Amino acid sequence: WQVIKRTYKTLRDSFLLKHFMHSALLSPLLPRKIRPWVLRKVGCHVGKDVFIGSHVWIDAGHADLIYIEDHAHVTARTVLLCHKRDLSDYYVGDDYGKLPYKTGEIHLGKGCSTGTDSIIMPGVTIGEGAIIGAGSLVTRDIPAWTIATGRPAKVVKEIKGYIEKLNECKNNEIKKIIINDGKRKCNTFFQKKKNFFALCQE
């Protein structure tokens, strides 16, 4: 009975991934509606308002190890890989094909973004708000609110908070900061921005 259930799930998941992830008829709904729904159906843990780009490849056999939090962006051709060969006991003369596999969970934090053509390896956590550059190979955890790129991916920049940015203003340009319900409007330094966190006035 377990074999039948497993076979049915494999066939169902293959059908969903093949015909619903890239349907031309459903294209207006694909990134935020259809693709997140498909990933949930095949076993991934997907939060709210998640964006899934075209030709994203998931490790369907280990879909339950993939966690995508609210507002995350998984852009086109991202690979989420949850298994790999265990090389800890691999020596000269060994047969690579006989090495065992090891698996690991992938966690994509709230509001993070994976760049186009990036590969996320098993056991990786990408922190909240982190941005992964296009074509990156992510082999280890990326801290929240950082930008990482490269093969392997390394942090190249830390994203500053609003208050830190304000503190960098020269000659006391901003004399008053009013915190108001998580929004800010700025009459000087951030003139054209909307929905900011702090209200600044000269």
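In the predicted model, isoleucine 131 touches Ser113, Thr146, Ile147 and Ala148, not counting residues up to four places away in sequence; contact means heavy atoms within 4.5 Å. The residue is found in strand β13 (residues 131–132). Helices (H or I, at least four residues) and strands (E, at least two) are DSSP runs, numbered from the N terminus. At 36% relative accessibility, isoleucine 131 counts as partly exposed, because this class lies between buried (under 20% relative accessible area) and exposed (over 50%), with a 1.4 Å probe and protein chains only. Isoleucine 131 and tryptophan 145 are separated by 14 residues in sequence and by 7.6 Å in space, C-alpha to C-alpha.

Residues are numbered from 1 along each chain as its sequence is written, and side-chain values use heavy atoms, with hydrogens and water left out. As the model is predicted, local features need pLDDT of at least 70 and side-chain atom pairs count only at pLDDT 80 or more, whereas totals for chains, interfaces and linings use all residues.

The chain contains 3 helices and 18 strands. Of its 202 residues, 34% count as buried. The chain exposes about 12,900 Å², of which carbon and sulfur atoms supply 55%; accessible areas come from the Shrake-Rupley method with a 1.4 Å probe, and for residues only the protein chains shown count as cover. Among contacts between residues at least 6 apart in sequence, 26% join residues at least 24 apart.

An open sheet is formed by 4 strands in the order β3-β6-β11-β14, with parallel pairing. Its edge strands, β3 (57–58) and β14 (137–138), each pair on one side only. Two strands pair if DSSP finds at least two bridges between them. Strand β6 (residues 79–80) and strand β11 (residues 119–120) pair in the parallel sense over 2 bridges, and the bridge partner of leucine 80 in β11 is isoleucine 120.

The largest nonpolar core has 35 residues, of which Ile58 and Ile68 touch the most other members. The elements α2 (30–41), β4 (66–68) and β9 (106–108) each supply at least two residues of this core. The largest share, 4 residues, comes from α2. A nonpolar core is a set of buried Ala, Val, Leu, Ile, Met, Phe, Trp, Tyr and Cys residues joined through side-chain atoms within 4.5 Å. Leaving aside neighbours within four places in sequence, isoleucine 58 is in contact with Leu17, Leu39, Val42, Cys44, Ala63, Ile66 and Leu80.
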